[in-house]
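Trainee: I would like to go through this model with you, one question at a time.
Mentor: Go ahead, and keep the questions specific.
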Amino acid sequence: MCSRWVQRPAKYYRSLPAEVVGPAPLVLADGTFDFLTYLEFGTYLLRLRELVQVGGTLCLARRKGLEDAFFPFRGDAFFRKELPQIWELDFAEPHFHEVSDVLIWEFRGRRPPEEADAARAKLPWRHLAHVFDFAGTNLRPPRYAWIPATFRCNLRCRTCSVRNSPPGQDISDELIDAIFDAVGEHLEWVNVTGIGEPFFARTWPHLHRRIRERPYRWMDIVTNGLLLREDDVREMMKPENPTILLISIDGARKETFEYIRDRAKWERLLEVIAMVRRIREEMKPGPHFVWGLDFVAVRDNVAELLELIPMAAEWGMEFLIVIEMGDWVQNRDFFREQALRFYPELANEYYRKARELAARYPFQVVSIPPDYTPEAIAAMKQLTEDRTPPRKPLISAARLFANWVVKGRVGRMVLKRALPAVDWYLTHPVGLPRRMRSWLRQQVGMSRYETLGEFRRVHGFCEVIAERIYFHVDGETALCCGMLEPKFGKFDPRNFQEHWNSPSLRDFRLMNLLGYPHGACFYCTLPYGLPEKNPENFIAAHRVKPSANRLAFLLRKLRRNLSE
């Protein structure tokens, strides 16, 4: 029943007590989990689960003495404390044994797969039992999708990347049809917000028509509101067209609003707000229409949040969403001058006042970033004071030489030929102590992931990873509007389920589940993101010293440079 790679570590069981062997069919397996990708670990567990018969027993054993901070499943602590959570729904009786220097988990009473899967479906996504869902190829299709109408805009806001970017593009009618034909039956929620103004898109009428072809499908839209027409608002307020409408308002005064939202007119904004209020009073849409404001806080407007909150309450808005400006490459000068992460004490002062003020009004949702922690404030002060010590001449010369070698034609040719051999040896080190071999394998494994090693393990899981998808206007796919990278390939309507369960996405989800989200997640300012809208707090709590993983960073940089 067991293949050779499962039976190989059976020698560990020679000293097991007699009671370990149960009456049901027994599978003996290696619990070392010496894998260098998360997907290998997940598929290994899937294979083991398939091998154990209903009512049977699974024994996993490992020789103790190893820990791994970045591939946690390779460590003793994970084996002792977290491995049982993975199997708790599949087996009735877990038993732990420690025999000499060997750690053993004995899982008795394999439950029927249908019973275990039904119980697993009721658990939150952050539970480790979902390893089997993420490692397998049958994850249910997404029910929520971002389908941005456009990357173009009628404004040039100072807080947005559109301001200094080349002209963007609209999503095409063909891509809209392909998306809805392939996954439309599963989508219960569509968010049309991209880095642009949805109503400015030439293809907006077609996108809107495809969204509304299924009654009672929710639509999320963030808009500057200046292009809103009465027909659009009336359509949103029909009971079969549930809508969340957020209007971006980055100031409570005309001067501030028009400065940040370049090309916008305050008077036009007030006209649109008055129109929405009038139609809402007339149509009385009830809970299927919710509206609110989206406020991007920067140094020059955060004080006006205290004026805007009573105005929003008077307008009848239910949502109050405050986010901070992201670090857009295109707007870096404005970011460094205005981003509140560089003024944490100022942010804390007004965020506290805003939370207290908002509590006096009947908002349904109030999402204001938490205060900056002392650790985050200290990190920001160190960054702004630029305490970086001057480089020593010898180190600077060595770096210049290394850059010359990597960028030179001869150097690149030599490195391209040598890197596979170096990579192979580090993956299969011989003649070294066990701990050194494990560390080298860890470093080479980390180097194959884009940001692994920059941050410590996170206790939490962003559910967006499991049940949402983002379609770029060019057909590329991602998993979140706040994390446009990494991309996971072009959308293929003929094989969407295969794409949704591709090896890269399965590996990505497992990595997140086990505590290592992509580096971009640490900078998330969205309400439901892991940083809880304050990336600097999150980063300060999880940052790893660069010196800790220099070998992994060097190998990663070499791979990146040689692939260019």
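Trainee: Which elements do the buried residues of α11 pack against?
Mentor: This is a predicted model. The buried residues of α11 include Trp266, Leu269 and Val272, and Ile279 and Arg280 are also among them. Their packing partners are α9 (230-236), β8 (243-248), α10 (254-260), β9 (289-297) and α12 (305-315).

Trainee: What span should helix α11 have, at 1.5 Å a residue?
Mentor: Helix α11 covers residues 266-283, which is 18 residues. The expected span is 1.5 Å times one less than the number of residues.

Trainee: Is arginine 156 buried, partly exposed or exposed?
Mentor: Arginine 156 sits in the loop between β5 (144-146) and α7 (173-183). Buried requires under 20% relative accessible area, and exposed over 50%. Arginine 156 has 22%, so this residue is partly exposed.

Trainee: Which backbone oxygen lies 3.0 Å from a polar atom of the arginine 156 side chain?
Mentor: Leaving aside neighbours within four places in sequence, arginine 156 is in contact with Val162, Arg163, Ile260, Asp262 and Arg263. The backbone oxygen at 3.0 Å from its side chain belongs to cysteine 153.

Trainee: What is the mean pLDDT of the chain?
Mentor: Of the chain's residues, 90% reach 70 or more, and the mean is 88. Over residues 1-24, however, the pLDDT is below 50, and that stretch has 46 contacts in the model beyond near neighbours in sequence. For the chain, the mean asked for is 88.

Definitions and conventions. Residues are numbered from 1 along each chain as its sequence is written. This is a predicted model: local features need pLDDT of at least 70, side-chain atom pairs count only at pLDDT 80 or more; totals for chains, interfaces and linings use all residues. Side-chain values use heavy atoms; hydrogens and water are left out. Helices (H or I, at least four residues) and strands (E, at least two) are DSSP runs, numbered from the N terminus. Buried means under 20% relative accessible area, exposed over 50%, partly exposed in between (1.4 Å probe, protein chains only). Contact means heavy atoms within 4.5 Å. A polar contact is a pair of N or O atoms within 3.5 Å; within protein, one must be able to donate a hydrogen and the other to accept it, and residues adjacent in sequence count only if both atoms are side-chain atoms. pLDDT is the predictor's confidence in each residue, from 0 to 100.
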